[in-house]
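Thank you all for coming. I would like to take a few minutes to walk through one model, and I would ask you to keep the view open while I talk.

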Amino acid sequence: MNDFSLMPLRDDLIPSLKIISKSWVDDNSFWAVEDILKTLKSQASEAYLVFNVYSHCVGFMFVTWTGFESELLFVYCKEGQRGLGIGRHMLNHWICEAMKRKLNELFLEVSANNQTAIKLYESMGFRKLRTISNYYKNGDDAFAYGKRLEYKLD
Ligand SMILES: CC(C)(COP(=O)(O)OP(=O)(O)OC[C@H]1O[C@@H](n2cnc3c(N)ncnc32)[C@H](O)[C@@H]1OP(=O)(O)O)[C@@H](O)C(=O)NCCC(=O)NCCS
């Protein structure tokens, strides 16, 4: 993962977000750029981009912060760049940020049909909490997952 760099989304990186979002535009269960930007303005939230050595944007992650919890709204790695550890790197960054903020718990929802993402989340210690029927526009169910953050006492 050393050949990639993760950066918080800033105004000057919005063009990169627009470019990577073209890769998921046909999947209407994923986030539209306008909705990402609106949410960033209206809620405590943060977005991150991952760039490769050629400065191409290959990953995107979007999370909200609420009280002592954080929710993953979207994580995406560009096709052709998958399986290289970018998804895991983004989630590790989320977990580290949440621990810096001393949060208690992380949450996410994932399509019950998205075996790749489910495998990734479970390998990182997320546990299935419940099934949400007909969660997505196409009628797919979602699984809600959570992870309690543990802190060592000094
Ligand atoms: C889910 C997603 C972000 C994973 O990103 P990635 O960079 O390919 O993931 P990583 O390379 O870090 O792989 C991490 C783990 O995911 C799982 N995984 C990755 N590719 C997989 C595949 N093709 N089949 C099954 N599991 C897979 C494995 O557990 C892997 O760990 P391992 O390499 O130790 O076996 C990516 O597949 C993606 O963008 N999918 C489309 C968007 C999406 O579905 N987002 C999640 C819902 S919002």
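This is a predicted model: local features need pLDDT of at least 70, side-chain atom pairs count only at pLDDT 80 or more; totals for chains, interfaces and linings use all residues.

Let me begin with the overall dimensions. The C-alpha atoms of the chain fill a box of roughly 45 × 40 × 35 Å along the principal axes. For 154 residues, a compact globule would have a radius of gyration near 15 Å, and the chain has 15 Å, so the two agree. Of the 154 residues, 19% count as buried. If we take the contacts between residues at least 6 apart in sequence, 54% of them join residues at least 24 apart.

Now to the sheet. In which order do the seven strands lie? They form an open sheet in the order E1-E2-E3-E4-E5-E7-E6, and the pairing is mixed. Strand E1 (5–8) and strand E6 (127–132) stand at the edges with a single partner strand each, so one side of each is left without a neighbour in the sheet. Neighbouring strands here are turned by 25° against each other on average, with direction ignored. Helix H1, residues 14–21, packs on this sheet, where it touches strand E2 (45–51) and strand E3 (57–66), and the direction of H1 makes about 110° with that of E3.

I would like to look at E7 in some detail. Strand E5 (residues 105–111) and strand E7 (residues 142–148) run antiparallel and are joined by seven bridges. Within that pairing, Glu-109 has Ala-144 in E7 as its bridge partner, while Val-110 has Phe-143. E6 and E7 also run antiparallel, joined by five bridges, and there Thr-131 stands opposite Phe-143 in E7.

Is Leu-106 buried or exposed? A residue counts as buried if 20 or more other C-beta atoms lie within 10 Å of its own, and Leu-106 has 24 within that distance, so Leu-106 is buried. Leaving aside neighbours within four places in sequence, Leu-106 is in contact with Ser-70, Ile-95, Ala-98, Gly-146, Lys-147 and Leu-149. Leu-106 and Arg-148, although 42 residues apart in sequence, are 6.5 Å apart in space, C-alpha to C-alpha.

Finally, the ligand. Which residues come nearest to the ligand? Of the 18 residues around the ligand, they are Cys-77, Arg-82, Gly-87, Arg-88 and Leu-120. Strand E4 (69–77), helix H3 (86–100) and helix H4 (115–123) each supply at least two residues of this shell, and H4 gives the most, with five residues.

Methods:
Residues are numbered from 1 along each chain as its sequence is written. A residue is near a molecule or strand if its C-beta atom, placed from the backbone, lies within 6 Å of it. Helices (H or I, at least four residues) and strands (E, at least two) are DSSP runs, numbered from the N terminus. Two strands pair if DSSP finds at least two bridges between them. Axes are lines fitted to C-alpha atoms, for helices over the stretch in contact, and angles run from 0 to 180 degrees between N-to-C directions. Two residues are in contact if their C-beta atoms, placed from the backbone, lie within 7 Å. A residue is buried if 20 or more other C-beta atoms lie within 10 Å of its own, exposed if 12 or fewer, and partly exposed in between; C-beta atoms are placed from the backbone. The radius of gyration is taken over C-alpha atoms; the globule rule is 2.2 Å times the number of residues to the power 0.38.
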